[in-house]
Amino acid sequence: MKKFPFYFQLDQMDCGATCLRMIAKYYGKSLAIEKIREKCYVGRDGVSLLGISDGAENLGFHTLAVRLSYDVLANEAPLPCILYWREKHFLILYKVTKNKLYLADPAIGLITYTPEEFKKAWIIPKANETPEGFALMLEPTPAFYEDEDNVETKKSGIRHYLKYLRPYKKYYFHLILSLTVATVISLLLPFLTQSMVDVGINNQDVDFVYIVLIAQIVLFLSSKSGEFVRGWISFHMISKVNVTILSDFLVKLMKLPVAYFDRKTPGDILKRIEDHERIQLFLTTTLVHFAFSLMSMVIFGGILAYYSIGLFLIFAVGSLLYFTWIFSLLAKRKVLDYRNFDQAVLSENNTIELVTGMQEIKLQNCERQKRWEWEKIQAKKFKLGIDGVRLGQIEQTGSSILYEVKNILLTFYAAMLVIQGEMTLGMMLAVQYIVGQLNWMTVDIIRFVHDTQNAQLSISRLSEIHEMPNEETEESVLDAEMERVQDIVFENVSFQYGGPRSKMVLEDINLRIPHNKVTAIVGTSGSGKTTLLSLLLKSYKVTHGAIKFGKSNINNISFKSWRKKFACVTQQSFIFSDTIARNIAVGEEIIDKKRMKEATLTANIRDFIEELPIEYNTKIGANGVGLSQGQKQRILLARAVYKNPEILLLDEATNSLDANNERVIINNLNEFFKGKTVVVVAHRLSTVKDADQIVVLEKGKIVEVGNHESLIKSKGAYFNLVKNQLELAS
């Protein structure tokens, strides 16, 4: 049986998609993981068995999701198939023998289980029922082989990162020159040692010994000077390359669609940023040292062979065994690296949650439970650390044994050659020095192997991001109609966040938002109000239908051009750790102070700001002055007003304000709204009653449209909302 193709999952939510990728490879096609994720509708919570089935069907497989017993699975099921494992994970069963089951676990690797071990993990126990588990059978159809759209095309890899070295050719020239000088010095030292013993000591020529001693001191000082120069060159190159690589990564990250960040946690992205350190180390240090170690090993190995073929063979065989031992453990290091990454992401996310949610944790008296959760994650991380230490000790012990045995044999054989008169004492000392240099070069090559593996693993994780399509594509164009304000029209718009089996959040929305008018959207929680605004901002693509700006589909308008027209205050709007001025005039180098003061006046926050010691230069956010929710909301409103947009979106923009502040701000905003297209989402009657048009949403559908007076008269859904609010107010 051919070896089963294997891929590691890139994060914890990728197990289902990665299983599908492996099975596709088994049947002869390399599919892009991002395409598989799209087909399976992988979210932040992963994917269901039905989601994998839908994705597989879209890729050209025939699938059958079944619940079956172990005997049926082992004897009748077509393999490979995907299993639901420990009620939280997906893996592949690809071979069954009498005493073993062969599985591909995207989190661990290719593994085997005994039937008893397998049953404990796969079977879902249910009282009074036959012990069974879930599986997904897959079989490729002709469509699987005909479809070429989803085939993986590698755009990035080590070549993608090598381009970062081009601007630093002069650094590499100096580095290579320094290493060349160091190599020449290393070559001279053993011959000087041999000369001192064989000529100076044997002939009792003190002057010659002094000359050799001076030469050795000069070479030593030259070597140390070279190391100093190399250190400075490496520091400058490492710093610059690191900043450039990280900067480009952030540029790419900022080009990705909003939906990507719904699926990724902050810890996942932060750990990928840390991956750049391993790549930078490989590019700037490991590659150069490996090249010179390899070249030096060839030269010193030749000199050793010149002294004695026997010594050379002992060193070559010992080194070969050493390399074989190291390479035999690389697969286990790879598995540990992936598992450590997953656990580090969990730890990072948990720590971020603890720090940012500390106030709520204390208010809810759940410090102990949250600490236990953190300790549980750290215990798993510690266990993986122990596995890593154990593997390192095994590697180190085996390496040390081979290393020392080789050196003992070399010393013994060299001593025998001296006794037999085939080698002088000076030659023996020179050989000892050469062997020492060769040992260091061997260590450098092993370090290169480890660093290369680390870099490849990091590149595979980062390639996922670099190979993703940008939010802005070449198809997005600036339509001529963008130059003038148009009505925004929803035509039969439906939307769902998940796959085709998920619930429709919006359904058959037909709506005209007139330009230069105020449209209010109201409804109960979960009716789809915020989602409608997200579609307006092009944060997501509609599932069915179209949103048009005049006659143009907004999908054909570039994101930057479209969002340039908007200012918005949403429930997710963010206060940056910066000054008040920079939080209001976000992204502007030169701030219009007059416009900023007018914006703060409209948002009714000017008095608060000007009472602060340094007014608009006061730092707020995570590292600055703490603000109340109402003050934050007013600064966000000031930000939107300062932008002076053509279209303004407000999502519960005054829900944290007291009645007095709200009244003042609403009056100010009504003046600001003139000549602008405004969409307001709100619960409070005071915010929406003056709107030109009120749209009532219920369970993702429009149930009423009109102004305040007409909707009150009709005594429908809007009337009930107002009635309930008035009753609550009374």
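Aromatic pairs number 23 in this structure, which is a predicted model. A pair of aromatic rings is described by the distance of the centres and the angle of the planes. For Phe4 and Tyr94 these values are 4.6 Å centre to centre and 15 degrees between the planes, and the pair is stacked. The angle falls in the stacked class because planes under 30 degrees apart are counted there. Phe4 belongs to the segment before helix H1 (15–26), while Tyr94 sits in strand E3 (residues 89–96), so the pair links distant parts of the chain, 90 residues apart.

Ring pairs join Phe4 and Tyr94 with Tyr26, Tyr27, Phe61, Tyr102, Phe144 and Tyr145 in a cluster. One ring of this cluster, that of Phe144, also has a charge over it: the charged end of Lys29 lies 5.0 Å from the ring centre. A second contact of this kind involves Tyr7, whose face has Arg21 over it at 3.8 Å from the ring centre.

Along the chain, Leu110 and Tyr7 are 103 residues apart, yet their C-alpha atoms are separated by 9.7 Å. Leu110 has a relative accessibility of 36% and counts as partly exposed.

Next comes helix H5 (residues 115–122), with Pro115, Phe118, Ala121 and Trp122 as its buried residues. Viewed down the axis of H5, these residues fall within an arc of 135 degrees, so they line one face of the helix. Glu116 and Lys120 are exposed on the other side of H5.

Helix H8 (residues 169–201) contains Phe173. Is this Phe173 buried or exposed? Its relative accessible area is 54%, so Phe173 is exposed. Between Phe173 and Ile434, which are 261 residues apart along the chain, the C-alpha separation is 27 Å.

The backbone has a few details to inspect. Most residues other than glycine have a negative phi, and most peptide bonds are trans. The bond that joins Leu79 and Pro80 is cis, with omega about 0 degrees. Pro80 lies in the loop between helix H4 (70–76) and strand E2 (81–85). Asp508, a residue other than glycine, has a positive phi near 50 degrees, and its place is in strand E8 (residues 506–513). Lys715 is not a glycine either, and its phi is positive at about 50 degrees. Lys715 is in the loop between helix H25 (708–714) and helix H26 (717–729). With 59% relative accessibility, Lys715 counts as exposed.

Rolling a probe the size of a water molecule over the atoms shows where empty space is left. Two cavities of 30 Å³ or more are present in the structure, and the largest cavity holds about 60 Å³ of space. Which residues line the largest cavity? They are Leu535, Lys538, Tyr540, Lys541, Val542, Ala546, Ile547, Asn553, Ile554 and Asn555. By class, the lining has six nonpolar, two polar and two charged residues.

Methods:
Residues are numbered from 1 along each chain as its sequence is written. This is a predicted model: local features need pLDDT of at least 70, side-chain atom pairs count only at pLDDT 80 or more; totals for chains, interfaces and linings use all residues. Side-chain values use heavy atoms; hydrogens and water are left out. Rings of Phe, Tyr and Trp (its six-membered ring) pair if their centres lie within 6.5 Å; planes under 30 degrees apart count as stacked, over 60 as edge-to-face and the rest as tilted. Helices (H or I, at least four residues) and strands (E, at least two) are DSSP runs, numbered from the N terminus. Buried means under 20% relative accessible area, exposed over 50%, partly exposed in between (1.4 Å probe, protein chains only). A charge sits over a ring if NZ of Lys or CZ of Arg is within 6 Å of the ring centre and within 35 degrees of the ring normal. On a 1 Å grid over the protein atoms alone, a cavity is a set of points where a 1.4 Å probe fits but cannot get out, and a pocket is an open set with protein on both sides within 12 Å along at least five of seven lines; lining residues have an atom within 4 Å of a point. Grid points are joined across faces, edges and corners, and a volume is the space filled by probe spheres set on the points. Ala, Val, Leu, Ile, Met, Phe, Trp, Tyr, Cys and Pro count as nonpolar, Asp, Glu, Lys and Arg as charged, and the others, Gly among them, as polar. The arc is that of the directions from the helix axis to the C-beta atoms.
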